[in-house]
Amino acid sequence: MEFPKKPETYYLVRDEIESLIKEKSIDRERFHEFSKYGWQEIVKKFLSAFIDLEKHKSADLSYCWLHFRDGLRSSEAVLRKNDGYFDEVSKLIPDEDRNKKLFLILSDGWVYEGYAREIFEVLRELFYLEDAYILSPKFDWVICHCDDGKSSVLYKV
């Protein structure tokens with residue numbers, strides 16, 4: 001699987017996240033960029049668990065939820081109607097994973113690891129946010145946020 005070439009704007013969201021971590025004094029034990037040497041493996045596991053790789057062979061993360069495999073169970077969409085949107089999205093996290101480290105994969109290709117509270121603290125502030133995927137550490141569920149669709153949906157294997 002080959003990862004696409006990064007556009008000129010690739011670092012905008014990462015720089016924004018790093019600024020937010022500093023500005024909000026977020027503990028890097030609770031939220032941080034995933035290993036420079038391991039992030040591709042996380043993306044591959046995500047794609048293998050949720051994407052129909054026979055139909056969609058690209059590792060492009062933008063709109064990849066359009067290529068999710070058949071048979072996944074999904075929640076009702078949470079629509080972005082007000083400032084409480086990300087609070088509502090956080091309620092989609094299954095109870096057994098609420099206090100575990102999760103993965104955050106951004107459509108730009110950045111991978112983060114952290115707890116729900118810090119993930120949503122950062123997401124609600126991002127200007128350059130597009131698609132975002134919040135994943136279980138077991139890769140058995142994912143919350144897909146589509147910024148231009150102003151909605152999020154939980155998918156379970």
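**Close-ups around strand 8**

**View 1. V78 meets S152.** V78 has S152 in strand 8 as its bridge partner. That link belongs to strand 3 (residues 78-79), which is joined to strand 8 by 2 bridges, running antiparallel. Strands here are DSSP runs of E, at least two residues long, numbered from the N terminus, and two of them pair if DSSP finds at least two bridges between them. This is a predicted model, where local features need pLDDT of at least 70, side-chain atom pairs count only at pLDDT 80 or more, and totals for chains, interfaces and linings use all residues. Residues are numbered from 1 along each chain as its sequence is written, and side-chain values use heavy atoms, leaving out hydrogens and water.

**View 2. Strand 2 alongside strand 8.** Strand 2 (residues 73-74) pairs with strand 8 in the antiparallel sense, over 2 bridges. Look for S74, whose bridge partner in strand 8 is Y155.

**View 3. The hairpin of strands 7 and 8.** Strand 7 (residues 141-146) and strand 8 run antiparallel, joined by 6 bridges. The two form a hairpin with 4 residues between them, and K150 in the turn has a positive phi of about 50°. C144 has V153 as its bridge partner in strand 8.

**View 4. Strand 8, tucked in.** Strand 8 (residues 151-156) has 5 of its 6 residues buried, so it is largely enclosed by the rest of the structure. Buried means under 20% relative accessible area, with exposed over 50% and partly exposed in between (1.4 Å probe, protein chains only).

View 5. A disulfide needs a pair of cysteine sulfur atoms within 2.5 Å, and the structure holds 0 of them. C64 counts as buried at 0% relative accessibility, and C144 does too, at 6%.
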